[in-house]
Amino acid sequence: MEQALDRRIAEEIAARRDDLIRLARDLIRIPTLNPPGRNYREICDFLAARLGASGFSVELIRAEGAPGDGPDHPRWNLVARATGAGAGDCVHFNSHHDVVEVGHGWTRDPFGAEIAGDRIYGRGACDMKGGLAASIIAAEAFIAACPGYRGAIEISATADEETGGYGGVAYLAEQGRFSPDRVQHVIIPEPLNKDRICLGHRGVWWAEIETKGRIAHGSMPFLGDSAVRHMGAVLAEMEATLFPLLATKRTEMPVVPEGAKQSTLNINSIHGGEKEQAEGYTGLPAPCVPDRCRIVIDRRYLIEEDLAEVKREVAAMLERVKAARPSFLYEIRDLFEVRPTMTDRDAPVVRSTAAAIERVLGRSADYVVSPGTYDQKHIDRIGRLGNCIAYGPGILDLAHQPDEWVGIGDMMDSAKVMALVLADLLGP
Ligand SMILES: [Zn+2]
């Protein structure tokens, strides 16, 4: 029985190869650049037509009042739902429809969806229109192979993942659309490779540190107090004590790549003294002692760490600098935080996906954790739904790069895996 359904699913997927390629290319050709959030309505309309024709009921939901939402760039999301013959669970596939800026270094048209060999090129090809297309084909193929399925299948295409997801998954989660009584299993087809199950991500804390000084004429710096020199002392202390401390903190989370298996800290930016003038300005800078210097730090923390402790380490480092520099004054402001999350390996969607990977690829699945966050954070925290993974085609390292591509074979394989997950969770 199960084997017969497996075979029917394999046939239905194989018959949709051209459809999958066409769908992925059509999605890549809609340039949903974020920021600022272009063509969100266009891509939602396109998907609504597609999924409506396949028997899904579709809703377009605008995240009114979300960051970035406005008349020029409304934050549109699409949620489509197909309901089976009897009561059962709901499996939800969530993809973000936005893509990051093009950047430099392309040798292909970023929105041309050119095909070369097994690859489709374009911004968003792997992150994550290839995954979105694969999940749609998986759902359509499964419904064709198993029309008497139980429960429901949802497919969402959501805004703004690349800028925090507040106009997308966070908004939908706040409306209760990921609450456990409505959705029981979530797969996010981010490009983690077709043989890997991503269980979650590390935590995030962003903060701005400002050092304060006193402005004076640059020819008499002894009359002022340089905020940039104070910040220099902060950076030196960071190098001497904080970075070595972070390197000692290792996690049991299966984070990839290897370098992210420890706590990390990035200094995103540094600004001090006179503001930089616009490009093309030909005047000279003024001679002033800088009275303000700011850095933004991006601390990624582990599931074994506590956020309060993470913050205390940085505060303690600043206090050490203060003890050594009589006039040192600083402020620190929280900007953003996300707690780490990791779905249990025994969760139903994990077990089901691992079994499907083994059947399709003939090898066991790898379990990974992402170094950076993605929309799972909102499903976990706002939606309170723990049964969530990222699984999809494409190579993570290609995301946000020039000449981004997704493999057609990889999309086909992962569509088959997703369809088998549906068969396992909703089938007879
Ligand atoms: Zn993505």
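Which residue in β14 does I197 stand opposite?

1. The residue is Y367: I197 stands opposite Y367 in β14. Before going further, a word on the ground rules. This is a predicted model, in which local features need pLDDT of at least 70, side-chain atom pairs count only at pLDDT 80 or more, and totals for chains, interfaces and linings use all residues. Residues are numbered from 1 along each chain as its sequence is written.

2. β8 (residues 196-201) has 6 of its 6 residues buried, so it is largely enclosed by the rest of the structure; buried means 20 or more other C-beta atoms within 10 Å of a residue's own, exposed 12 or fewer, and partly exposed in between, with C-beta atoms placed from the backbone. β8 runs parallel to β14 (residues 366-370), joined by 5 bridges, and antiparallel to β13 (residues 341-342), joined by 2 bridges. H201 has T341 of β13 as its bridge partner. Strands pair here if DSSP finds at least two bridges between them.

3. Now the overall picture. The protein has 10 helices and 16 strands, taken as DSSP runs (helices H or I, at least four residues; strands E, at least two) and numbered from the N terminus. Its radius of gyration is 24 Å, close to the 22 Å that the globule rule gives for 428 residues, so it is as compact as a globular protein of that length. That radius is taken over C-alpha atoms, and the rule is 2.2 Å times the number of residues to the power 0.38. Of the 428 residues, 44% count as buried.

4. Please look at the open sheet of 4 strands, ordered β10-β11-β9-β12 with antiparallel pairing. Its edge strands, β10 (264-272) and β12 (329-338), each pair on one side only, and the twist averages 15° from one strand to the next. Helix α6 (residues 227-247) lies across β9 (203-212), β10 and β11, running at about 175° to β10.

5. Two helix pairs deserve a glance. α2 (residues 17-28) and α4 (residues 125-145) pack at about 140° with axes 9 Å apart; axes are lines fitted to C-alpha atoms, for helices over the stretch in contact, and angles run from 0 to 180 degrees between N-to-C directions. That makes α2 oblique to α4, the class left after under 35 degrees (roughly parallel), over 145 (roughly antiparallel) and 65 to 115 (roughly perpendicular). Residues in contact here, with C-beta atoms placed from the backbone within 7 Å, include L20 and L23 of α2 and L132 and I136 of α4. The axes of α1 (residues 2-15) and α10 (residues 408-426) come within 10 Å and cross at roughly 140°.

6. Finally, some backbone spots to check. Most residues other than glycine have a negative phi, and most peptide bonds are trans. The bond from N34 to P35 is cis, with omega near -10°, and another cis bond joins P35 and P36, with omega about 5°. N39 has phi near 60° and lies in the loop between α2 and α3. A113 has phi near 55°, and with 23 C-beta neighbours inside 10 Å it counts as buried.

Definitions and conventions: Two residues are in contact if their C-beta atoms, placed from the backbone, lie within 7 Å.
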